Amino acid sequence: MYWTLRYANRDIQVSPISTAIGGEGQIYSINRMRGRSVKSYFDPVPSDTEPRLEYLIANPPSSIAKQVAWPLDIVETGNCEVKGYLQKHFPPAFQPYTILMSSEIRRRWATATFLHRAAQQIAFLIAELHANDYLFPDLHSEQLLVARNGSVVLIDAASCQFSVNNTLFPCVRIRDQDNHAPELLHGINWAEVAPDRNQYTDAWSLTVLVFLTLMGCHPFDGIHIGPGDGLSRKDRVKQGIFPFEHKPTHDYRPPKHAQPYRRLSPEIREFFDRCFVDGHSKDKARLRPTATEWSDLLRHSGYSVAPTP
């Protein structure tokens, strides 16, 4: 199958990668083009795809170009219909970030130092996107790849959210609701809450992922010790039931499979409290640690950042 690169003005031969199918499209390999792949959208292609890609290609976050699968060119069919985009393709040394949730992997090689490095890099990537006026609302572990040397990269970068001349390019295809700030969970239409997103709603999602990385469980996972039926995780998020807080006022305690919370530094635990307790409500969202704050804290906790292979 042949498609065309708009800006490079050349045809490419592509083949679908059977294991690389997501919620909105599929990844294709490119014959005789190493280090590149195509993200192809399923039909119908979203109506804002062309102007979205045009802007992203013209305005990349250059400081993290090696660590993000950013759009590089528009891919078209033979009749000039937008099909997707050209992107950086990371080598097999990068594996799905979800492997770090495996207790076996944590025992074998994902040490505490490694996990801190990984969390720091995620925070740095989000901080740099924010510095370039991009939000990344659908942040979760399946949006990331990790290498054994500790390097982390972000994929599906075109799903970020941004505004151009008062026109909002929203992120409306959300995969994991449990990572989202409670003020965004009042409806089921993500297009409706898109204007309410900001760096502090991103900060919530980032803090969830940092917690998941360091602790091996979701921050709102817990054991119900009270009477009656327990709440779903989504309802615990909405009500601010954080089982790890220092003086809990609810009927939940940390799950048995979680790492010991006391092993985290007091500064890191304070950041979790700032997000999930002090900054739980929308009017207190500014108390949540930002991506830059997380990046700085994790970097200065005695852990260095591994280079990108």
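Reader: Why is Pro219 called buried?

Author: Its relative accessible area is 0%, and buried means under 20% (exposed is over 50%, partly exposed in between, with a 1.4 Å probe and protein chains only), so Pro219 counts as buried. This is a predicted model, where local features need pLDDT of at least 70, side-chain atom pairs count only at pLDDT 80 or more, and totals for chains, interfaces and linings use all residues. Residues are numbered from 1 along each chain as its sequence is written, and side-chain values use heavy atoms, leaving out hydrogens and water.

Reader: What does Pro219 touch, not counting residues up to four places away in sequence?

Author: Val208, Phe211, Phe242, Pro243, Phe244 and Phe276. Contact here means heavy atoms within 4.5 Å.

Reader: And His218, why does that count as buried?

Author: Its relative accessibility is 4%, so His218 falls under the 20% limit.

Reader: Which backbone atom lies 2.9 Å from a polar atom of the His218 side chain?

Author: That's the backbone oxygen of Asp178. The His218 side chain also reaches the backbone nitrogen of Phe220, at 3.0 Å. A polar contact is a pair of N or O atoms within 3.5 Å; within protein, one must be able to donate a hydrogen and the other to accept it, and residues adjacent in sequence count only if both atoms are side-chain atoms.

Reader: How do you know that the span of helix H3 agrees with what it should be?

Author: The expected span is 1.5 Å times one less than the number of residues. For the 20 residues of H3 (112–131) that gives 28 Å, and the end C-alpha atoms are 28 Å apart, so the two agree. Helices are DSSP runs (H or I, at least four residues), numbered from the N terminus.

Definitions and conventions:
Helices (H or I, at least four residues) and strands (E, at least two) are DSSP runs, numbered from the N terminus.
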